[in-house]
Amino acid sequence: MTRVAPLLEVSGLQTQFFGFGGTRVVKAVESVSFSLDEGETLGLVGESGSGKTTTCLSIVGLLPRGGRIVGGSVVFEGEDLTRKSQRELRRVRGRRIAVILQDPMASLNPLFTIFRQVAEPAFFHQQMRGRTLRARVQQLLQAVRIPSPEWRMRDYPHQMSGGMRQRIVGAIALAGGPRLVIADEPTTNLDVTIQAQYLDLLKDIQRQTGVALIFVTHNLGIVAKMCDRVAVMYAGRIVEQAPVRELFDTPRHPYTRALLGSVPKLGSKEPLYSIAGQPPNLASLPAGCPFHPRCPEVLARCATDEPKDVHAGDDSVARCWLVSDGVARS
Amino acid sequence: MATLAGERPLARTRGRSLLAAAREAPLAAVVILGGLALVALLADVIAPHDPTLPVAGGGVFDPPFWMEGGRVTTLLGTDFQGRDILSRLLHGSRVSLIVGLMGTLVAGSIGTALGILAGYVGGWVDQVIMRVTDAWLALPAIVFAIFLAAMVGPSMWNIIVILGAVYWTRYARVIRGEVLTLREREFVKLAEIAGASRWRVIKRHILPNVMNTATVLASLTVGVVIIAEASLSFLGVGVPPPQPAWGLMLSEARPTLMAGQWWLTVFPGVCILLIVLATQLFGDWLRVRLDPQSRNL
Amino acid sequence: MSRFILRRVLYSLVTLFILSATIFVIVRLTGDPLALMAEASARPEDLDRIRHQWGLDRSWPVQYATFMQNAFKGELGKSFNYRLPVSELYFQRLPNSLTLGIAATLISLLIGVPAGIISAVKVNTWWDYVAKGVALLGLSIPGFWLGLVLILVFSVWLRWLPTSGAGDWRHVVMPALALGWYFAASMLRLTRSSMLEVLGSEYIKLARLKGLPDVVVIAMHAFKNALIPVFTLAGVNLVVMVNAAVIIEVIFAWPGIGRLLYEGIFQRDFPLVQGVVIMAGFMIVAINLVVDILYAFIDPRIRLTR
């Protein structure tokens with residue numbers, strides 16, 4: 001199969017947090033690899049603390065204090081972002097890669113008007129000024145369906161509803177004309193109906209602009225609606241990655257199965273399955289497969305050896321001894 | 001995680017944390033404070049001379065021993081009455097420590113009591129207490145203290161009461177806020193449903209839970225109170241002469257400043273600086289240790 | 001907005017009422033002011049006459065009502081010692097105190113704000129530790145002692161600056177430094193914590209994610225948000241410094257309000273003491289009210305609601 005070079009190729013990414021003068025290391029992201037084509041949507045799912053957000057921030061090189069990328073590469077449009085300086089990265093952020101944060105209430109500066117905040121990327125990256133800039137902001141606000149943008153753009157964030165604010169954040173993301181938008185749980189703080197509207201909006205925009213999307217969520221329903229491919233994260237690792245249909249139809253990793261089992265289905269009489277045990281502590285992970293203490297199908301070797309990526313099916317990868325043994329058998 | 005830790009009853013961790021605390025405390029602060037406490041206790045024994053009487057055979061304004069005209073019997077020199085400065089400094093630590101600790105205790109007791117009352121009882125009690133707190137806060141503390149001291153007259157015990165009466169406001173505000181959130185917590189609600197009296201709820205559930213905050217505030221108030229005492233004594237409305245207090249020594253040293261007799265001014269000031277610095281360091285450490293959620297107190 | 005202002009004004013009036021009543025009662029509780037100020041040889045009938053003249057023979061509520069009535073007319077009583085209205089004395093001294101207070105505020109801002117910003121932007125580096133050390137010293141060194149040491153160094157040894165009095169700028173330097181020192185430390189702490197809080201916020205994260213230069217992120221996005229509380233405190237501090245610089249003014253013989261209070265205390269001039277203390281409270285209540293209202297104007301969240 002001859003494939004065009006993907007838009008984004010993350011391989012073997014390792015990110016760690018160093019605390020207490022380097023004496024404590026938290027391995028937040030551990031050898032994560034995935035790739036994304038133009039216009040494609042990848043869902044990143046997992047419990048909180050599984051490394052989804054850290055993965056996203058590693059891509060744009062904006063880790064919180066104490067965080068560092070210690071290995072792997074992030075190749076975006078043919079360039080390895082991990083080798084770039086902050087100055088060079090600044091020309092990528094907001095312009096080629098945009099990020100939508102989870103909390104629409106907190107991600108807008110309360111003291112600046114909507115106009116100013118939406119205009120900033122175009123002002124700094126495209127050097128737009130005056131009337132052009134004004135027109136551009138209006139067009140962006142229109143694109144995210146803000147009614148009468150020429151009026152609303154003079155408002156301050158607190159005058160908007162949560163759903164509107166999140167759409168403004170969306171407009172800010174689009175302002176630089178990005179090729180990749182990373183949306184970090186953009187709908188968790190919204191009402192369900194507003195959520196649905198917002199997701200439709202993102203889909204529309206994606207159809208119009210052909211932008212690629214990484215969608216971070218723990219809501220599998222959203223994944224099914226939005227994504228082409230899914231990567232399931234656990235303890236900083238991608239434990240399974242597959243096209244969305246395949247993942248839902250034939251989940252291969254016990255953790256994925258557990259996740260799917262914990263989603264309530266209408267009309268189903270089966271009891272809701274919940275995952276036993278506590279989410280892992282990244283500072284002290286168990287030996288072997290990090291999921292083995294909670295795994296319902298645990299094997300003896302799971303406690304000692306960590307499984308490697310195994311290709312299963314056409315386009316899916318899973319990291320589990322069950323899968324690799326199964327593949328070996330067949 | 002943080003809430004989980006907060007739910008745990010205090011008693012279970014107290015014994016262990018005290019031990020761990022002793023090990024982690026900032027060395028410099030502990031050494032200075034411990035040393036000062038020792039000096040204050042033993043001032044009678046270790047002071048070479050009587051702090052209130054001129055040194056026999058000595059002169060007035062003798063410089064420290066390393067300077068020309070200085071003598072080994074009066075290591076840090078003598079003051080305008082020929083009294084030994086070192087002995088006065090050693091005895092002066094008593095005034096600073098007693099006023100600092102007792103003043104803080106008085107302020108803390110008033111403020112904590114009013115804060116709990118305002119926060120727990122609520123309603124018009126809360127309104128009255130908070131408006132009084134506002135009024136108290138409207139006066140600069142030092143002006144208020146000078147005013148009270150001038151009205152009541154100078155004595156160490158008066159100063160303690162006055163400083164307590166001036167510095168309680170911060171406790172009242174902070175503790176009230178804390179009680180307001182505590183009041184909504186499960187264990188308080190449960191106790192109320194179980195029919196515990198208000199007094200019992202306050203004693204068993206509210207008070208133990210605000211003690212950490214009160215302790216942190218206290219550690220940060222001690223230094224302020226010590227400086228306030230020195231200021232009052234300096235102005236002549238604090239500890240009356242001939243009692244040896246550092247602020248008073250600074251005040252007595254003022255006429256000699258222009259003559260360049262610096263030791264009279266520098267030594268008492270350094271003593272105040274050291275003790276306040278130590279309490280601040282200790283307080284900062286305590287704040288992080290006991291109350292990591294409110295570092296900006 | 002107008003409801004907000006109305007409520008603040010009401011609270012301020014209540015505060016003032018409690019404050020003035022407290023001062024009033026304390027002055028009278030602690031003994032007969034006349035007995036304190038009169039000479040021992042004074043005849044009882046003279047004392048009675050003066051008591052009557054000053055209205056001290058009436059009941060407290062009546063005295064208080066009269067006092068408040070006059071206070072609303074801008075009269076705070078008459079000084080025993082100067083034989084002048086207290087308000088006149090107060091406003092005579094006010095310009096000097098303002099000069100000193102403004103100079104001290106500038107010093108505290110010039111030291112505290114830049115140091116606080118550097119400390120927050122370079123958190124946990126040696127810059128930060130140095131700034132923390134300065135803040136600690138600021139809170140630990142008594143201002144009046146610093147004043148004495150400054151006199152020792154710059155007047156006695158170096159002979160650069162005059163020790164006392166008011167005149168040109170050279171008279172202001174030392175008292176302003178001694179007075180502003182403590183406030184510089186509190187400014188530094190507030191700037192640092194406020195800046196840290198803002199820098200950790202989501203909207204700063206988003207600003208960085210937009211690819212804005214660091215200068216823009218810090219100077220435009222973080223600054224405005226972080227410095228509102230700092231300048232608020234500076235404004236309040238100014239008024240506090242104008243009224244509370246008693247010791248510094250005594251040391252440097254600065255003819256301001258603090259010295260007036262000090263003189264009043266030693267001359268047992270109780271109308272003067274009472275008046276100055278109440279004026280201090282009044283000014284601070286007023287500045288707090290102004291700050292609250294200004295806040296409402298600066299912050300669109302308050303301005304545009306209610």
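In the predicted model, B:Ala145 touches B:Ile162, B:Leu163, B:Val166, B:Ala228 and B:Leu232, when residues up to four places away in sequence are not counted. B:Ala145 is also among the residues with the most contacts inside the largest nonpolar core, together with A:Val118, B:Val143, B:Ile146 and B:Leu163. This core has 250 residues. Its largest share, 18 residues, comes from α10(B). Chain A takes part as well: at least three residues of the core are drawn from each of domain 1 (8–96 + 178–265 + 272–328) and domain 2 (111–176) of that chain. In soluble globular proteins, nonpolar side chains tend to be buried together.

Helix α4 of chain B was examined for its length and its surroundings. The helix covers residues 85–121, and its 37 residues should span 54 Å at 1.5 Å a residue. The C-alpha atoms at its ends are 52 Å apart, which agrees with that expectation. Of the 37 residues of α4(B), 27 are buried, so the helix is largely enclosed by the rest of the structure. After α4(B) comes B:Gly122, which has a positive phi, near 70°.

Contacts between chains were considered next. Two pairs of chains are in contact, and the pair that shares the most contacts is chains B and C. In this pair, 35 residues of chain B are in contact with 36 residues of chain C. On the chain B side, at least two residues each are supplied by α5 (123–138), α6 (141–152), α10 (198–235), α11 (246–257) and α12 (263–290). The most is given by α6(B), with eight residues. By class, the residues of chain B on this side comprise 26 nonpolar, seven polar and two charged.

Chain A also meets chain C, with 25 residues of chain A in contact with 17 residues of chain C. Helices α2 (86–92) and α3 (114–125) of chain A each provide at least two residues of the side that touches chain C. Of the elements of chain A, α3(A) gives the most to this side, with four residues. The side of chain A that touches chain C has 13 nonpolar residues, along with six polar and six charged ones. Chains A and B, by contrast, are joined by no contact. The closest C-alpha atoms of chain A and chain B lie 12 Å apart.

Conventions. Residues numbered from 1 in each chain as written. Chains lettered and ligands numbered in written order. Predicted model: local features only at pLDDT ≥ 70, side-chain atom pairs only at ≥ 80, totals over all residues. Contact = placed C-beta atoms within 7 Å. Nonpolar A, V, L, I, M, F, W, Y, C, P; charged D, E, K, R; others polar. Core = buried A, V, L, I, M, F, W, Y, C linked by C-beta atoms within 7 Å. Buried ≥ 20, exposed ≤ 12 C-beta atoms within 10 Å, placed from the backbone. Domains from an automatic or database assignment. Expected span 1.5 Å × (residues − 1).
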